[in-house]
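This report describes one protein model, moving from a local feature to the overall fold and then to the charged contacts.

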Amino acid sequence: MNKQSILNESKDSLRTGMFNLSDGRNVMKLDETDRFNVRSVIAYVDEERNVALGLCPVKIMLPFAFGCLAVCTEDILDGREATRILLEEAAKEGIELPAAEFCVNYDRFGVGKGEAFLPSFHDLKKFSMQGEVGKAWRRLGLEYNGTIWSSTIGINFNAWMQSYDTATVTGWHIQYRTFGVIPVIEIPL
């Protein structure tokens, strides 16, 4: 299969719950070889921006920040842009951002360093862990229940955390709290 047919196939049939592989293919089912080449699980297809958002197959628990970053990213819809701004401002203030740093330093399964980012509040609101995305995540042996930090800091300097279980409340939390982190990548359509 040539590169052009891979691109055409991806653009026409990309949907949530598919596996984005390190060779550029997007598949619904994994064989034994493909299982070890999953870059991400497609969590949302944004036809307006002409990209899909993929969840990298890793989840780690980290604090958002070691300190309090005094910046507001609430109006930034794009997680990549919000993550960039957070890291720039944190460098100026000398604050470590373990969640965002983990995402931008993630470099496994064909994802290059600097390619992944911390999803925004707006990104997380589009994801549903019910249905195909949750099934795909479980096929990789991962649990998606729990919490995920976003790259969104509100005007009160709390960060947005999205919960996908009933034990933890979704909402604004103090930046030094520890919640789940999943790097997200953009996949051009």
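## Backbone geometry in two loops

Phe109 is placed in the loop that runs between helix 3 (98–105) and helix 4 (121–126). The structure is a predicted model, and in it Phe109 adopts a positive phi of about 55° although the residue is not a glycine. With a relative accessible area of 39%, Phe109 is partly exposed.

Phe157 also has a positive phi, about 70°, without being a glycine. Its position is in the loop between strand 6 (147–153) and strand 7 (159–163). The relative accessibility of Phe157 is 31%, so this residue counts as partly exposed.

## Overall fold

The protein chain contains five helices and 10 strands. Its radius of gyration is 16 Å, close to the 16 Å that the globule rule gives for 189 residues, so the chain is as compact as a globular protein of that length. Taken along the principal axes, the box filled by the C-alpha atoms is roughly 50 × 35 × 30 Å.

Of the 189 residues, 49% count as buried. The chain exposes about 9200 Å², and carbon and sulfur atoms supply 52% of that area. Among contacts between residues at least 6 apart in sequence, 64% join residues that are at least 24 apart.

Which residues of helix 3 are buried? They are Pro98, Ala99, Ala100, Cys103 and Val104. An α-helix has 3.6 residues a turn, so residues three or four places apart point the same way.

Leu189 belongs to the segment after strand 10 (184–188). A relative accessibility of 21% places Leu189 in the partly exposed class; the cut-off for buried is under 20%.

Leu189 and Leu14 are separated by 175 residues in sequence, yet their C-alpha atoms are 7.9 Å apart in space.

The protein chain carries 20 positive and 25 negative side chains. The centres of these two sets lie 5 Å apart. In total, the structure holds 12 salt bridges.

## Salt bridges of Arg25

Arg25 takes part in a salt bridge with Asp23, in which the closest N and O atoms are 2.8 Å apart.

Is Asp34 buried or exposed? Asp34 is buried, because its relative accessible area is 8% and the buried class covers values under 20%. This aspartate sits in the loop between strand 2 (26–27) and strand 3. When residues up to four places away in sequence are not counted, Asp34 touches Leu21 and Arg25.

Arg49 lies in the loop between strand 3 (38–46) and strand 4 (51–55), and Asp78 in the loop between strand 5 (60–63) and helix 2 (79–93), so the pair ties together parts that are 29 residues apart in sequence. Arg49 has a relative accessible area of 36% and is partly exposed. Asp78, at 25% relative accessibility, counts as partly exposed.

Terms used: Residues numbered from 1 in each chain as written. Predicted model: local features only at pLDDT ≥ 70, side-chain atom pairs only at ≥ 80, totals over all residues. Heavy atoms only, no water. Helix = DSSP H or I, 4+ residues; strand = E, 2+ residues; numbered from the N terminus. Rg over C-alpha atoms; globule rule 2.2 N^0.38 Å. Buried < 20%, exposed > 50% of the residue type's maximum accessible area, 1.4 Å probe, protein only. Contact = heavy atoms within 4.5 Å. Areas by Shrake-Rupley, 256 points an atom, 1.4 Å probe, with all protein chains shown as cover. Lys, Arg positive; Asp, Glu negative; His and termini not counted. Charge placed at Lys NZ, Arg CZ, Asp CG, Glu CD. Salt bridge = Lys/Arg side-chain N within 4 Å of Asp/Glu carboxyl O.
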